Amino acid sequence: MLASLLAVIIGCAVLAPLPAAALGRDEENSVDIYRRFNGGVVNITSRAVAYDFFFNPTPTDSSGSGVILDSHGHILTNYHVVKGAQRLEVSLADQTKWPAKLVGADPQTDLAVVMINAPRDSLTVMPLGDSSGLQVGQKVLAIGNPFGLEHSLSAGIVSMIRKVVKAGEIEIEDVIQTDAAINPGNSGGPLLDSEGKVIGINTAIFTMSGGNVGIGFAIPINTAKRIVEQILSHGYVIYPYFGAETQTVTPLIARALELPVEHAALVIRVWKGSPAAKAGLLGGVQRVIIGNTIVIVGGDLITAADGMTVNSAEELRRLLRRRLPGDIIKLDLLRQGKRAVAEVKLGERPRERIGSKE
């Protein structure tokens, strides 16, 4: 009798549910951020029309993520998420779907703003942080729609702040590298700090397999703020126009050409009627092969701009991007071995309007 009673008691003890484990402070922080700001992340479906071998139209759908910027329905995402779309649809966290229009985009930074006409009380506006003081090792969270799996959360750290990352025509400065899991579909979604503030827009991964391998990249939110401000004001982003193509001078090139400097930006082509042409800059006149590199020689060497040393063509481009149309930039040159100075009044880069302000 006693043995049977003990067996029942032991059986009940085994079957009794265990108390839920207490969350650690870091876990509580992640749970709290997700609960508060998950609603500020949207799923964006883009429909384009492709044509098969027989020229039959074939609709194709792709998806990405976006960040709600304000109660007017403006949403920040990546340009590559909406590029070429004939139709855009935004899904909110409450499962409602809204047609969206493209307000404007900037292919150079891979950012775009779309807009939906949804009730204000259905929009969770995401707080924007400051990406200038990020530290390697600090915690970050990513919310998005990887592989169409809506509103997924991943966590990691800031792995590195890359001075510049270039992919094709896109060149972005101070890019945030993270090991938080970022996959196709996360593009355009937010990278958050431990306060839940957006410090980056997830944009790309480095992968050999198509999936996450712990190397993801996010556009810093300070860059995004500048782009968004111009898109909302003008419908496009204003960039200065220099009007000359340059090539980086390396020590190998400098030795082969017997140049007096080892690092500079060599002017290889000047566009007719451009600000550089009006300032008298000279382009190259002859092609030579140095190692595996074709160099167009005979043009001006730019060694400094506004008193700052120019070590490469990339440095010059980054310096010019920080200027505005109408600014005058003073260049220190070497022209046929002699020092010279040129003052270039920057113009406004010709643009193609993408989207509509209406």
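The points below are grouped by topic.

This is a predicted model, in which local features need pLDDT of at least 70 and side-chain atom pairs count only at pLDDT 80 or more, while totals for chains, interfaces and linings use all residues. Residues are numbered from 1 along each chain as its sequence is written, and side-chain values use heavy atoms, with hydrogens and water left out.

**Glu173**
- Glu173 sits in strand 9, residues 170-178 (strands are DSSP E runs of at least two residues, helices H or I runs of at least four, numbered from the N terminus).
- With a relative accessible area of 18%, Glu173 is buried (under 20%; exposed is over 50%, partly exposed in between; 1.4 Å probe, protein chains only).
- The side chains of Glu173 and Arg322 make a polar contact at 2.8 Å (a pair of N or O atoms within 3.5 Å; within protein, one must be able to donate a hydrogen and the other to accept it, and residues adjacent in sequence count only if both atoms are side-chain atoms).

**Strand 7**
- In strand 7 (residues 139-144), 6 of 6 residues are buried.
- Lys139, Leu141 and Ile143 cover one side, and Val140, Ala142 and Gly144 the other.
- Strand 7 runs antiparallel to strand 10 (residues 190-192), joined by 2 bridges (strands pair if DSSP finds at least two bridges between them).
- Ala142 is opposite Leu191 of strand 10.
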